[in-house]
Amino acid sequence: MTTPEPLTDVARLSDAERDQAIELLRDHSVQGRLSHETFLRRIDLVLHARGRSELDAVTADLPERSGLARLLVGSVRALSSLGLRLQNAWQHPRLPSITLPATDSAPLRIGRLEGCDLRLSHTSVSRVHAELLREPGDRWLLRDLGSTNGTQVNGSRIIGTVAVRPGDRVAFGGAVYRLAAR
């Protein structure tokens with residue numbers, strides 16, 4: 001009869017611990033201290049690490065950043081995204097709106113073709129780009145229909161079907177709108 005090996009890492013790793021290790025790897029990769037292949041291999045190790053010791057082993061040979069360096073990198077990261085956040089905040093109320101129909105109906109087809117329910121003439125919109133459908137309980141779903149230039153909701157490209165609501169920013173190719181309730 002064999003005895004089981006003792007557990008060395010009992011606590012499960014948190015997402016924050018994994019994110020911290022990934023951030024450290026990313027920073028060293030950007031600085032040229034890790035090759036792209038090494039970076040990818042180590043990211044895989046971080047994502048599959050079962051305990052703190054395995055996670056520490058992935059980053060053991062990398063020098064830690066000082067408190068000042070961490071503060072500077074975080075500040076630059078926050079400032080670099082500020083411009084985009086301000087632009088989005090400024091543009092959002094000015095976007096043309098698509099009013100969601102009040103009644104239950106067939107899916108609303110969106111595209112450039114004459115047969116579409118919502119016809120958009122922008123050149124980046126596919127002939128049949130997306131469809132908007134209403135589910136019971138005033139829940140709306142937006143589905144990309146394999147468009148060439150994609151469909152985005154609040155800045156993120158969608159694949160398949162996602163739930164949307166009034167106030168969301170939707171883009172069909174380069175045509176950007178804000179969803180509005182009737």
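# Briefing: contacts, strands and salt bridges

The side chain of Ser147 makes a polar contact with the side chain of Asp144, at 2.6 Å. This is a predicted model. An open sheet of five strands runs in the order 3-2-4-5-8. The structure also holds six salt bridges.

- Ser147 sits in the loop between strand 5 (139-144) and strand 6 (151-153).
- Ser147 has a relative accessible area of 8%. That is under 20%, so the residue counts as buried.
- Beyond its neighbours within four places in sequence, Ser147 is in contact with Ser126, His129 and Arg157.

- Strand 3 (118-119) and strand 8 (161-164) stand at the edges. Each has a single partner strand, so one side of each is left without a neighbour in the sheet.
- Strand 2 (residues 108-111) and strand 3 run parallel and are joined by two bridges.
- Within that pairing, Ile110 stands opposite Leu118 of strand 3.
- Strands of a sheet pair through backbone hydrogen bonds, in either the parallel or the antiparallel sense.

- Strand 10 (residues 175-180) pairs with strand 1 (residues 97-99) in the parallel sense, over three bridges.
- Thr99 stands opposite Ala180 of strand 10.
- Strand 10 also pairs with strand 9 (residues 169-172), here antiparallel, through four bridges.
- Phe172 has Ala175 in strand 10 as its bridge partner.
- Strands 9 and 10 form a hairpin with two residues between them. In the turn, Gly173 has a positive phi of about 65°.

- Ala180 belongs to strand 10.
- Its relative accessible area is 15%, so Ala180 is buried.
- Ala180 and Ser97 are 83 residues apart in sequence, yet their C-alpha atoms are 6.1 Å apart in space.
- Not counting residues up to four places away in sequence, Ala180 touches Ser97, Ile98, Thr99, Leu100 and Pro166.

- Arg52 forms a salt bridge with Glu17; their closest N and O atoms are 3.3 Å apart.
- Arg52 lies in helix 3 (residues 52-59) and Glu17 in helix 1 (residues 15-30), so the pair ties together parts that are 35 residues apart in sequence.
- Arg52 is partly exposed, at 35% relative accessibility. Glu17 is partly exposed too, at 25%.

**Salt bridges at Glu131**

- Glu131 is buried, with a relative accessible area of 5%.
- The side chains of Arg143 and Glu131 meet in a salt bridge at 2.1 Å, N to O.
- That pair links distant parts of the chain: Arg143 is in strand 5 and Glu131 in strand 4, 12 residues apart.
- Salt bridges with shared partners also join Glu17, Arg52 and Asp56 into one network.
- Arg143 counts as partly exposed, at 32% relative accessibility.
- Arg109 forms a salt bridge with Glu131 as well, with the closest N and O atoms 3.6 Å apart.
- Here the link runs from Arg109 in strand 2 to Glu131 in strand 4 (residues 130-135), 22 residues apart.
- Arg109 is partly exposed, at 37% relative accessibility.

**Surface and backbone details**

- Leu68, Leu71 and Leu72 form a nonpolar patch on the surface. Together they have about 330 Å² of accessible area.
- Leu71 lies in helix 4 (residues 67-91).
- At 55% relative accessibility, Leu71 is over the 50% cut-off, so the residue counts as exposed.
- Asn154 has a positive phi of about 50°, although it is not a glycine.
- Asn154 is placed in the loop between strand 6 and strand 7 (156-157).
- With a relative accessible area of 45%, Asn154 is partly exposed.

Notes. Residues numbered from 1 in each chain as written. Predicted model: local features only at pLDDT ≥ 70, side-chain atom pairs only at ≥ 80, totals over all residues. Heavy atoms only, no water. Patch = residues over 30% accessible without salt bridge, like charges linked within 9 Å, V, L, I, M, F, W, Y side chains within 5 Å. Areas by Shrake-Rupley, 256 points an atom, 1.4 Å probe, with all protein chains shown as cover. Salt bridge = Lys/Arg side-chain N within 4 Å of Asp/Glu carboxyl O. Buried < 20%, exposed > 50% of the residue type's maximum accessible area, 1.4 Å probe, protein only. Pairing = 2+ DSSP bridges. Polar contact = N/O pair within 3.5 Å; in protein donor to acceptor, adjacent residues only side chain to side chain. Contact = heavy atoms within 4.5 Å.
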